[in-house]
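Let's take a walk through a protein model together. Have a look at it first, and then we will follow a sheet and some charged pairs.

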Amino acid sequence: MPDGFSSDTWLDLAAPAGTRPAIIARLHAVPKDAAADRVVRAKLGGDCPEVVFNTPAEFKAILPGETDRCGILVNEPGIKVERRVQTMAAALSPRIHEVPDDLLAAIDWCYEQGWTDGLPVVPPAVDRVKAVLAADSRPAETVICRHPATGLDLSLHAAAVNAVMAGCLPGHFPVLVAAFEAMDLEGFNFHGSTASTGGSAPLLIVSGPYADAIGMNGDVNLFGPGNRANATIGRAVRLILRNVFQMLPGISDKSTQGNPGKYSLCIAERARGNPWPPLCEAQGYAKGVSSVTCYAAGGFCNVENHGGNTPEQVLGSVADAMANYGCITLGQSVVILAPEHMQILGAAGWSRERAQEFLFGAAKRPVDGMRSVGKYRDREYDAQHGAGAHGLAEAGFVHRGLSPRDILITMGGGDAGGHSCFLPSWSRGRGSIMQHKPITVRS
């Protein structure tokens, strides 16, 4: 740089006149804290050798001089302002990076970019990304989901890049696309469930013949490791949340404790031996159409019952888990019945609807008990027992959910073992409502 010249770039965060000092201080502190993160500093450092944060007072002092200096550069040549809106999606348009022609070095390079969930990722080579994109015939720039808080868009291309990094095959891509189209629906509250201290993880349940077509597991070790489709589709969801929507642990993802499902939480509904119609049919899709259901799930709760041999005994233990004081809210529920437990219901002729009604009626705690642990709220009780209340809502008790339809029940797991599970919904209420979409193969 020749003598007499200087070059710097600054960004400001402005608030309306009269904004309270405490709010100004908060607006200053949050990005400053974020910039202290190693990953954020690495990204900023790629274009800026030094990042400096001014205080609000320092910035206020600088601004008049900058206005005078820049005003000369604009006014004297007669430069006119051309208004042009650049979306964040455009700012994040696809780029091809040159990296060392060495697999381990490329993996390390992905770590350095902050693109991983802590585990190594598959470097997203161009040919692999194109192969995944070929599973959807729409243009690569097609937006399938938008993050409401930041306005960041998820394009098919960005989804494909992260699918490759997660280890997905092209056949897995339609499930991933349908999942984000479902989470894009308003009721899911996409931002809240991914940013909250509640630490939920998107649970994906794939129902219908497409699960078998891509080799998903609905059987033994359902939530455990060992199946590529289950593991990588769920992992791709997490990588997209991180890399596209910038839900970064400790910065924008404020989970108090998180849960292991945030690495991957994707299962198939078990069709073999299931006495009930598949979820996709219950959701109203035509026969042969598969679906993916998305649910903001809290931590996994195992329900062991090897002694119960009636539907009431089996579901009674499930209801007890659903209504434990640590979980009970007006939120929704997901219950995955083990085949041993489902056989008991099936042999007794219980339908899904009857099981939902039983669980809603039994998953409850008395008002006094709710008060004793500090979780009773008048407005929630009124919501459950006021106008339009379900007939099974019992006076003097708080039930889990608002109606039996708030409880999704299906079957999954291996043949042996009386181990079912319950997954509570995100946080303290009905902040997120599960959504579903059909899986469409567009190749």
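This is a predicted model: local features need pLDDT of at least 70, side-chain atom pairs count only at pLDDT 80 or more; totals for chains, interfaces and linings use all residues.

In which sense do strand S3 and strand S5 pair, and over how many bridges? Strand S3 (residues 201–207) and strand S5 (residues 291–297) are antiparallel partners, joined over seven bridges. Strands pair if DSSP finds at least two bridges between them, and strands (E, at least two residues) and helices (H or I, at least four) are DSSP runs numbered from the N terminus.

Residues are numbered from 1 along each chain as its sequence is written, and side-chain values use heavy atoms, leaving out hydrogens and water.

Now step back to the open sheet, whose four strands run in the order S4-S3-S5-S12 with mixed pairing. Strands S4 (266–268) and S12 (435–438) each have a single partner strand, so one side of each has no neighbour in the sheet.

Next come the charges. Side chains of opposite charge can pair when their charged atoms come close. Counting a salt bridge as a side-chain nitrogen of Lys or Arg within 4 Å of a carboxyl oxygen of Asp or Glu, the model has 17 salt bridges. One of them joins Asp-320 and Arg-365 (3.3 Å, N to O). Asp-320 lies in helix H13 (residues 311–322) and Arg-365 in strand S8 (residues 364–366), so this pair ties together parts 45 residues apart in sequence. Finally, Asp-136, Arg-138, Glu-181 and Arg-442 are linked in a salt-bridge network.
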